[in-house]
Amino acid sequence: QTGYITLDSGFSNTGSCTSAITYLDGANGILDYYGYAIEELAENCSFTEVAYLILHKELPTYDQLESFKHDMVRFALLHEDMIHFFDHFPPNASPMSILSTSVNALHNYYPEMDEELDPYGGYTVTAARLLSKIRTIAAFSYKKSIGHPLVYPSARLNYCENFLNMMFDRPNLPYRIRPEFASALNKLLILHADHEQNCSTSTVRLVGSSGCNLYASISAGISALWGPLHGGANQAVVKMLEAILHDGGDFRKYIEKAKDKNDPFRLSGFGHRVYKTFDPRAKIIKQSCAEIMNLLEINDPLLDIALELEEIARTDDYFVSRNLYPNVDFYSGIIYRAMGIPTNMFTVMFAMGRMPGWIAQWTEMVEDKENARIGRPRQVYAGNTRRPFVPMKDR
Ligand code: SDX
């Protein structure tokens, strides 16, 4: 295609692939899903609508969206046997380990890739099932961790409202869903929905390229996302901001630490392998963050510190010369905090948003029957040349 580098299909030796889902221009801060600008999708769509686009390549008609929303209701419950899973994790279990384990286990409870079950063809039933159930697993793991009764999904609520209700409703203290929270969550999930061949998506593709099922491939992607250099950064940002706050707000000390090559500390939420300018998602999240704080009349000192850090980093030669800007994780955690979502659930939120992208990338690879090849990145050998064996007595 003109203007595009034609890469090997499937996995070339470098692990590159061809995809039509997401276009990134790191130099100019451009992010499109199937040709639609992220700014327009975040402003005008529901997450369910954007998930449909990413899974089906086109924005849905009214009827298609209504049918997809019905699937989100239809597939929201977990198999009751799976509820016992949550009883057997330790109370302080990481929600990411619960999520990865539970998604993998879905394979045992739901026959997937069963064409008869999937009237639309492809993996659309499995996709809808995963997209809907990840909310339930996330909310149930949180409820279990605080010893509260589970709140089941409701047919009356949309995708984001259902999640917030399952997280925070209580029999003795009914939760009033705040529209501004549901709207902010909707935008955050859209902004996380896909991001071409990042670490976790590449993991989903690599695992799926062996012929492994969709649930297990995504479970592997969840594990890759967990790391603090990737999706775990949204938790690391808030921990970093809290450390600076408790350190008397001395953010310049942390800027210097980040620049010190002898110090492993890095400014979480800053820098990106592809974006060498402001991450377009961070711009939208930063604005959404300010809106939420104003609406709630919250003066979160962490936001003040984040804004100071950004200001310094955007004028400091170390960051400017390396094109280090805030990325998607820099402001997202502050919004999740304002919603009452605990820090250890932040990366789970990232996984919920990324679910449509993981499914679509896996499906795109699997359906490319002509080029489907097992992933096998190559290496440069740097070890010993061939040498004679040494028996134990001579070692
Ligand atoms: C995500 O790939 C994706 O698309 C990911 C993602 C998605 O949507 O899937 O966008 C989500 O993972 C966002 C990134 C979240 N991670 C963080 O915020 C962690 C902090 N950031 C860094 O660790 C780092 O910037 C990475 C991991 C994001 C990118 O690493 P790279 O591309 O390998 O960059 P690098 O290590 O080669 O850094 C280049 C230079 C180095 O200095 P020099 O060797 O040139 O002297 O920049 C420095 C680095 O030391 N640097 C930083 C820094 N990030 C890079 N220095 C201080 N603080 C930082 N955050």
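Which residue takes a positive phi in the hairpin of β2 and β3? Tyr-34 does, with a phi near 45 degrees. Two residues lie between the strands of this hairpin.

The model is predicted, so local features require pLDDT of at least 70 and side-chain atom pairs count only at pLDDT 80 or more, while totals for chains, interfaces and linings use all residues. Residues are numbered from 1 along each chain as its sequence is written, and side-chain values use heavy atoms, with hydrogens and water left out.

The chain holds 17 helices and three strands. These are DSSP runs, numbered from the N terminus: helices are H or I with at least four residues, strands E with at least two. Strand β1 covers residues 22–25 and strand β2 residues 30–33. The two pair in the antiparallel sense over four bridges; pairing requires that DSSP find at least two bridges between two strands. Asp-25 has Ile-30 of β2 as its bridge partner. Four residues separate β1 and β2 in their hairpin, where Gly-29 takes a positive phi near 65 degrees.

Strand β3 spans residues 36–37. It pairs with β2, again in the antiparallel sense, over two bridges. Here Tyr-33 is bridged to Tyr-36 of β3. In a regular strand, side chains alternate between the two faces of the sheet.

The overall dimensions were computed next. The radius of gyration, taken over C-alpha atoms, is 22 Å for the chain. Along the principal axes, the C-alpha atoms fill a box of roughly 75 × 60 × 60 Å.

Of the 395 residues, 52% count as buried, meaning under 20% relative accessible area with a 1.4 Å probe, protein chains only. Contacts (heavy atoms within 4.5 Å) were also examined. Among those between residues at least 6 apart in sequence, 74% join residues at least 24 apart.

Terms used
Rg over C-alpha atoms; globule rule 2.2 N^0.38 Å. Buried < 20%, exposed > 50% of the residue type's maximum accessible area, 1.4 Å probe, protein only.
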